[in-house]
Amino acid sequence: MIRDRVSASGMVRGAVGVPAPMVLIVDDECDFVELLSTALRFAGWEVCSAVNGTSALAAISAYSPDVVVLDVTLPDIDGYSVARRFRESGYDQPVLFLSARDAVEDRLAGLAAGGDDYVGKPFSLEELIARLHMLLRRARTAYTDEPGRLRFADLVLDIDAHTVHRTGHQLWLPAIEFALLRYLMVNAGKVVSRRQILERVWGDPDGCRGHVIDNSVGRLRRRIDKYGSPLIHTVRGVGYVLRSPGETR
């Protein structure tokens, strides 16, 4: 039996007893949320929902969902602002925008705000579920196999020893490129903007220009691509993303 717990904030916690993964649906169209929630529960997901940006932020804190499905048009805060607040609060899990606003500029705005994917309405439920699973796989590709170590594909970064290896070859990276690679690996599969890189790697969002980042990424790319397939990819007008070999977007 499925029971729902409804809080005063407007959040609905569903599918009690169903194991992870959990998805948070943020949309103010209640009928749509109910239909999508039912379909996702049937597909084996645990579901919670929020009707506006304020309750979505509360749901992130309360439930720490594995992935978020986020509408752009919300009654209190637009979806782009909600995504940015997710990231500012430290939520690093994937965010998928699901919206009737499907122009190229809308998609780019969603990625720039911290989104990982963008699906336009109307949509195929099968495709949406496949995309959600793909986002989870991406989020789990970069993992810590022991304290102080990150792994992505055939790339291994040891934080404590300050070393990087790929296919058995040690790569010698200057400090800024090491920090840049670490940031990309922690956010593997997620497009990170140049501003995010400036804030998290350089520590100064206004202290240097975009070409400094581009040059550093270019040098880092040449070093790691020497021993394998390309891993760092450019998303025009947005930033960069670390993707597994053979993965397309």
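**Close-up 1. Ile25 meets its bridge partner in β4, Ser49.** This is a predicted model. Strands of a sheet pair through backbone hydrogen bonds, either parallel or antiparallel.

**Close-up 2. Strand β4 is mostly covered.** The strand spans residues 46-50, and five of its five residues are buried. In a regular strand the side chains alternate between the two faces of the sheet. On one side of β4 sit Glu46, Cys48 and Ala50. On the other sit Val47 and Ser49. Both faces are covered, and these residues are all buried. Ser49 is also the residue that partners Ile25.

**Close-up 3. Negative charge gathers in a patch on the surface.** Four residues make up the patch: Asp28, Glu29, Asp31 and Glu34. Glu34 lies in helix α1, which covers residues 30-42. Is Glu34 buried or partly exposed? Glu34 is partly exposed, because its relative accessible area is 47%, and the partly exposed class runs between under 20% for buried and over 50% for exposed.

**Close-up 4. Three strands form an open, antiparallel sheet.** The order is β13-β15-β14. The edge strands are β13 (192-193) and β14 (232-235), and each pairs on one side only. Strand β15 takes in residues 239-242.

**Close-up 5. Val192 has Tyr240 as its bridge partner in β15.** Two bridges join β13 to β15.

Methods
Residues are numbered from 1 along each chain as its sequence is written. This is a predicted model: local features need pLDDT of at least 70, side-chain atom pairs count only at pLDDT 80 or more; totals for chains, interfaces and linings use all residues. Side-chain values use heavy atoms; hydrogens and water are left out. Patches are made of residues with over 30% relative accessible area and no salt bridge: like charges are joined within 9 Å, nonpolar side chains (Val, Leu, Ile, Met, Phe, Trp, Tyr) within 5 Å. Accessible areas come from the Shrake-Rupley method with a 1.4 Å probe; for residues, only the protein chains shown count as cover. A salt bridge is a side-chain nitrogen of Lys or Arg within 4 Å of a carboxyl oxygen of Asp or Glu. Lys and Arg count as positive and Asp and Glu as negative; His and the chain ends are not counted. The place of a charge is taken as NZ of Lys, CZ of Arg, CG of Asp or CD of Glu. Helices (H or I, at least four residues) and strands (E, at least two) are DSSP runs, numbered from the N terminus. Buried means under 20% relative accessible area, exposed over 50%, partly exposed in between (1.4 Å probe, protein chains only). Two strands pair if DSSP finds at least two bridges between them.
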